[in-house]
Amino acid sequence: MLSSVILMSSLTAVIANAANDSGTCGNNLTWTYDNTSKTLEISGTGTMTDYPNSLTLNSAPWKDYANSIQAVIVNNGVTSIGKNAFRNCSEIIEVILPDTLTSLGNGSFNRCGKLSE
């Protein structure tokens with residue numbers, strides 16, 4: 001009976017991780033991707049890391065979701081978007097930026113063809 005409980009608990013953790021992913025993207029910034037809503041959210045305070053330029057690849061930590069992210073929400077406290085942060089995220093259709101944002105890095109939304117404004 002105990003092994004069934006442990007197995008079920010492990011399976012629940014695997015399913016939960018499949019729906020969401022997260023990590024860091026600056027000294028005081030974190031990111032969370034929700035696979036259900038296709039939304040990437042950036043939270044914390046300060047500047048975002050810059051990412052290397054590549055014409056065909058995204059080198060940001062959310063690169064595995066570059067072809068599925070549809071919305072980006074950057075919360076208050078974030079002061080900059082890193083260079084090439086969302087480069088080649090071809091499915092983004094909505095971006096919400098905070099009042100605290102003071103700079104956008106070069107190429108931050110380059111090759112985001114569905115982003116209209």
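Leaving aside neighbours within four places in sequence, which residues is glycine 46 in contact with? Select glycine 46 together with Leu29, Gly77, Val78, Thr79 and Ser80, and you have the residues that answer this, a contact being heavy atoms within 4.5 Å. Before going further, note that this is a predicted model, in which local features need pLDDT of at least 70 and side-chain atom pairs count only at pLDDT 80 or more, while totals for chains, interfaces and linings use all residues. Residues are numbered from 1 along each chain as its sequence is written, and side-chain values use heavy atoms, with hydrogens and water left out.

**Colour by confidence**

The pLDDT, which is the predictor's confidence in each residue from 0 to 100, averages 86 over the protein, and 81% of the residues score at least 70. Select residues 1–17 next: here the pLDDT is below 50, and beyond near neighbours in sequence the stretch has 0 contacts in the model. Where pLDDT is low, the predicted coordinates should not be read in detail.

Return to glycine 46, which lies in strand β4; strands are DSSP runs of E of at least two residues, and helices runs of H or I of at least four, numbered from the N terminus. At 22% relative accessibility glycine 46 counts as partly exposed, on a scale where buried means under 20% relative accessible area, exposed over 50% and partly exposed in between, with a 1.4 Å probe and protein chains only. Glycine 46 stands opposite valine 78 in β6, and β4 (residues 46–47) runs parallel to β6 (residues 78–81), joined by 2 bridges; two strands pair if DSSP finds at least two bridges between them. If you draw a distance from the C-alpha atom of glycine 46 to that of leucine 101, 55 residues apart along the chain, it comes to 9.2 Å.

Now select serine 80, found in strand β6 and buried, with a relative accessible area of 8%. Not counting residues up to four places away in sequence, serine 80 touches Gly46, Thr47, Met48, Leu101 and Ser103. A polar atom of the serine 80 side chain lies 3.3 Å from the backbone nitrogen of methionine 48.

From β6, step across to strand β8 (residues 103–104), which pairs with β6 in the parallel sense over 2 bridges; the bridge partner of isoleucine 81 there is leucine 104.

**The five-stranded sheet**

Show next the open sheet of 5 strands, whose order is β1-β2-β3-β5-β7 with mixed pairing. β1 (20–26) and β7 (94–96) stand at the edges, each with a single partner strand, so one side of each is left without a neighbour in the sheet.

**The salt bridge**

Finish with glutamate 91 and lysine 114, which form a salt bridge whose closest N and O atoms are 2.7 Å apart; the term covers a side-chain nitrogen of Lys or Arg within 4 Å of a carboxyl oxygen of Asp or Glu. A search of the whole structure finds 1 salt bridge. Glutamate 91 lies in the loop between β6 and β7 and lysine 114 in the segment after β8, so the pair ties together parts that are 23 residues apart in sequence. Glutamate 91 is partly exposed at 23% relative accessible area, and lysine 114 is partly exposed at 46%.

Terms used:
Polar contact = N/O pair within 3.5 Å; in protein donor to acceptor, adjacent residues only side chain to side chain.
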